[in-house]
Amino acid sequence: MHTVTITICGILLTLLAAFIQPVQAETLPDKITIESLKDLYGPVTFGHAQHIARERDCAVCHHHTNGAPASQEKCLRCHRGGHEVKSMGCKSCHEKQPFSAEQVNGKFKNNLQFHQDKPGLKASYHLSCIGCHKQKGAGPVACVDCHVLTSSGEAFYRAGKNAPDPNKAGKTGHH
Amino acid sequence: MSGISRRKFLCATVVGGAMTTLGSVCGKGGKAWASGSFEGYPEGMGVLVDLTRCIGCRTCEAACNKEQKLPEPDQPFNDQSVFNTKRRTDESHYTVVNKYDAGQGPVYRKIQCNHCNEPGCLTSCFVNAYTKTKEGAVVYNSKVCVGCRTCMVACPFNIPAFKYSSATDPVIKKCIFCHETRLKNGLPPACVEACPQAVLTFGYRKDLVKLGHERIRNNAGRYVDQIYGETEVGGTGWMYLSGVPFEQVGFDTTLGNEPIISNVKDFLSTVPMVLAIWPALFSGIHLLATKGKDHGSGHGEDDHVKNEKEEPRP
């Protein structure tokens, strides 16, 4: 009886370990292609492996979500021992629509929740990337360093082939 | 005879004086109630602008242009050369971003209508062309506008712009918080949605005040300990956080916390009083002043009549 239980436990543990291992490997992508703004810009490829090799600390971008202690002092008040989450991807916490009625109406409704001032998904990329690149003096910081305008993007920014005729300039309003 | 008129005069003076005092007391009371305490509609929306995050990409300007179907700009929206001058909002630009050099690195500042709780434009408009909607937007109705441009003078932020290209059909152009197309449908304005850096945070104004103070507290040293617009001119729907003193990045820090209407409320409250009391007061004075004269001239008239009657006698 005893040996049967041990055997079953052993099999279960092996299965669990086998199940967890490949999942973790899958969630560590080498490259991430971001195309949420593909109507305005071409896809942007983020070198995840490259950043891992350079930073060696997930918390720089992923805060406390991998279980390691948080890096910033304000986070340490709650996350001294880290706080592991199921999915570490930005989109699992940072909303795609941060100003939807649901988000706006829910603000400050839960007094136990600290994270009221969480940027949306698009802003979390930009704040994180540009903020760090500026601080370190390395990496792309200007819009065009990452983004190539599509033809609808050119129409939106009135750039490229949609650029205003310089001869007409100065006809609208005062400056 | 002169005793009665003096009594009348004193009576009129006392009544007048009492009413004047009463009027001014009511006026003061009215002022205390009406200004400085109106904090906007409880469900009013706003935007918190964080200048420390802005990178001057001008995407907000492009989004505004598209959403409001504004005319083609002079330069592309990704052209950074516009930062060489300090621009203002005008009939074809409801929002503009300006660049300031304030010590460490450039600071970009987006300007647009701040959607005041007690808007100067609204209170100065004598045809009621402006409305503060329950969602917090200050909107404008060109159908009733007579083109007097008082709103342009009254606005403490120099935002309303006159469409000089159509002076015969007067139209004021300014940011309306995307009220018609977005805000009243529960959507954030186009610029907020387009901003890549979360410079613009959309929400209930009361939540944004809280959020702003928390952001200042949680990021020690990053911000000046003030939310511009929390109390300025009675509070504005759009508010600002800055890492450098506000006056260094073009903000008028001398506006005070009283709504623009308070500057003229004292004067305006005396208008009905003047109209009501002064005629009575001066009628009293006139009566007193002319009573004796009437008496005298009455005698004179009598004399004259007497004389007339007497004249044919000789």
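I count a residue as buried if 20 or more other C-beta atoms lie within 10 Å of its own. I keep that cut-off at hand for strand 9 of chain B. The model is a predicted one.

**Entry 1: strand 9 of chain B**

I looked up where the side chains of strand 9 (residues 238–241) of chain B point. B:Trp238 and B:Tyr240 point one way. B:Met239 and B:Leu241 point the other way. All four residues, B:Trp238, B:Met239, B:Tyr240 and B:Leu241, are buried. I note the general rule beside this: in a regular strand the side chains alternate between the two faces of the sheet.

**Entry 2: the sheet around strand 9**

In which order do the three strands of the open sheet in chain B run? I read the order as 8-1-9, with mixed pairing. Strand 8 (200–204) and strand 9 of chain B are the edge strands, and each pairs on one side only. Neighbouring strands of this sheet are turned by 25 degrees against each other on average, direction ignored.

I then followed strand 1 (residues 45–50) of chain B. Strand 1 pairs with strand 9 of chain B in the parallel sense, over four bridges. B:Val49 has B:Tyr240 of strand 9 as its bridge partner. Helix 6 (residues 205–218) of chain B packs on the sheet and touches strand 1, strand 8 and strand 9 of chain B. Its direction makes about 135 degrees with that of strand 8 of chain B.

**Entry 3: a hairpin in chain B**

Next I checked strand 2 (residues 96–101) and strand 3 (residues 106–111) of chain B. They pair in the antiparallel sense over six bridges. The two strands form a hairpin with four residues between them. B:Asp101 has B:Pro106 in strand 3 of chain B as its bridge partner. In the turn, B:Gly103 has a positive phi of about 75 degrees.

Most residues other than glycine have a negative phi. I found B:Val233 with a positive phi, near 40 degrees. B:Val233 sits in the loop between helix 6 and strand 9 of chain B. Is B:Val233 buried or exposed? I counted 24 other C-beta atoms within 10 Å, so B:Val233 is buried.

A:Phe108 also has a positive phi, near 60 degrees. A:Phe108 lies in the loop between helix 5 and helix 6 of chain A. With 14 other C-beta atoms within 10 Å, A:Phe108 is partly exposed.

**Entry 4: chain A as a whole**

I listed eight helices and two strands in chain A. Along the sequence the pattern is α-β-β-α-α-α-α-α-α-α. Of its 175 residues, 11% count as buried. Among contacts in chain A with a separation of 6 or more, 35% join residues 24 or more positions apart.

The mean pLDDT of chain A is 83, and 81% of its residues reach 70 or more. Helix 8 of chain A has the highest mean pLDDT among the elements of that chain, 96. Helix 1 (residues 2–26) of chain A has the lowest, 55. Over residues 21–26 of chain A the pLDDT is below 50. That stretch has zero contacts in the model beyond near neighbours in sequence.

**Entry 5: where the chains touch**

Conventions:
Residues are numbered from 1 along each chain as its sequence is written. Chains are lettered from A and ligands numbered from 1 in the order in which they are written. This is a predicted model: local features need pLDDT of at least 70, side-chain atom pairs count only at pLDDT 80 or more; totals for chains, interfaces and linings use all residues. Two strands pair if DSSP finds at least two bridges between them. A residue is buried if 20 or more other C-beta atoms lie within 10 Å of its own, exposed if 12 or fewer, and partly exposed in between; C-beta atoms are placed from the backbone. pLDDT is the predictor's confidence in each residue, from 0 to 100. Two residues are in contact if their C-beta atoms, placed from the backbone, lie within 7 Å. Axes are lines fitted to C-alpha atoms, for helices over the stretch in contact, and angles run from 0 to 180 degrees between N-to-C directions.
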